[in-house]
Amino acid sequence: MGGKCPHRKVKKRRFSNKSARRSNFLLKGNDLVFDELKKLTEGEQMKPLPLNEDLPGMGQFYCAHCDRYFADEEVRGEHCRSKRHKKRVKEMNGPSPHRQLDAELAAGMGMPDNGPILMTMSLSPSLSLPS
């Protein structure tokens, strides 16, 4: 009897691997976004965004927490009310995210910690071994 069972639900269409991962390469890392937000809170004013035809909405509607551009103010407003944005804001207001240096140290690629130097064994000409 072939075919699928009629009561089986149809799986939702998912992104292909390439299109799902494409957006990850275009975004800045968490540490870079955290540094930019820290500069903004320290007193630097956000400069007006330049017009860019390649970005959605000519690059004028930007979410600094998520590092995303939007087509218009209404879409950006919907994004700001979304769960993903609120989660990202909470993450960026917390402690500093992990950096590349942290990853290298955890992998053992950083400077080794061999402890303090206790004593050198070099002999100077004024010192001689007892015979």
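UniProt positions are given in the numbering used here, and annotations may be inferred rather than shown by experiment.

**Figure 1. Overview of the predicted model.** This is a predicted model. The protein holds five helices and two strands. From the N terminus on, the elements run α-α-β-β-α-α-α. The chain has 131 residues, and buried residues make up 12% of them. Among contacts with a separation of 6 or more, 40% join residues 24 or more positions apart.

**Figure 2. The annotated stretch, residues 61-91.** The UniProt record, an unreviewed entry, places "domain: Matrin-type" on residues 61-91. Over these residues the chain is 55% helix and 19% strand. The end C-alpha atoms of the stretch are 21 Å apart.

**Figure 3. Two cysteines, C63 and C66.** How far is the sulfur of C63 from the closest cysteine sulfur? The distance is 3.8 Å, and the partner is C66. For C66, in turn, the closest cysteine sulfur is that of C63. A disulfide is a covalent bond between the sulfur atoms of two cysteines. The cut-off for a disulfide is 2.5 Å. At 3.8 Å the two sulfurs are therefore too far for a bond. The count comes to zero disulfides. Both cysteines lie in buried positions: C63 has a relative accessible area of 4%, and C66 stands at 9% relative accessibility.

**Figure 4. K28 and D67, brought together by the fold.** K28 lies in the loop between α1 (17-26) and α2 (30-42). D67 lies in the loop between β1 and β2 (68-70). The two residues are 39 residues apart along the chain, yet their C-alpha atoms are separated by 6.9 Å. Leaving aside residues up to four places away in sequence, K28 touches V33, E36, Y62 and D67. Is each of the pair buried or partly exposed? K28 is partly exposed, at 33% relative accessibility. D67 is buried, with a relative accessible area of 10%.

Figure 5. M58 is not a glycine, yet its phi is positive, about 55°. M58 sits in the loop between α2 and β1. At 37% relative accessibility, M58 is partly exposed. D67 is not a glycine either, and has a positive phi of about 55°. The place of D67 is the loop between β1 and β2.

**Figure 6. The two sides of helix α4.** Helix α4 spans residues 83-93. Which of its residues are buried? They are H85, R88, V89 and M92. Seen down the axis of α4, the buried residues fall within an arc of 100°, so they line one face of the helix. An α-helix has 3.6 residues a turn, so residues three or four places apart point the same way. On the other side of α4, K83, K86, K87 and K90 are exposed. The buried residues of α4 pack against α2, β1 (61-63) and α3 (73-80).

**Figure 7. Where α2 crosses α4.** Two packed helices are described by the angle between their axes and the distance between the axes. The axes of α2 and α4 come within 10 Å. They cross at roughly 75°. That makes α2 roughly perpendicular to α4. Which residues make the contact? From α2 come N30, V33, F34 and L37. From α4 come R88, E91 and M92. Of these, R88 and M92 are also among the buried residues of α4, while V33 is one of the residues that K28 touches.

Key: Residues numbered from 1 in each chain as written. Predicted model: local features only at pLDDT ≥ 70, side-chain atom pairs only at ≥ 80, totals over all residues. Heavy atoms only, no water. Buried < 20%, exposed > 50% of the residue type's maximum accessible area, 1.4 Å probe, protein only. Helix = DSSP H or I, 4+ residues; strand = E, 2+ residues; numbered from the N terminus. Contact = heavy atoms within 4.5 Å. Arc of directions from axis to C-beta. Axes fitted to C-alpha atoms, helices over the stretch in contact; angles between N-to-C directions. Parallel < 35°, antiparallel > 145°, perpendicular 65-115°, else oblique.
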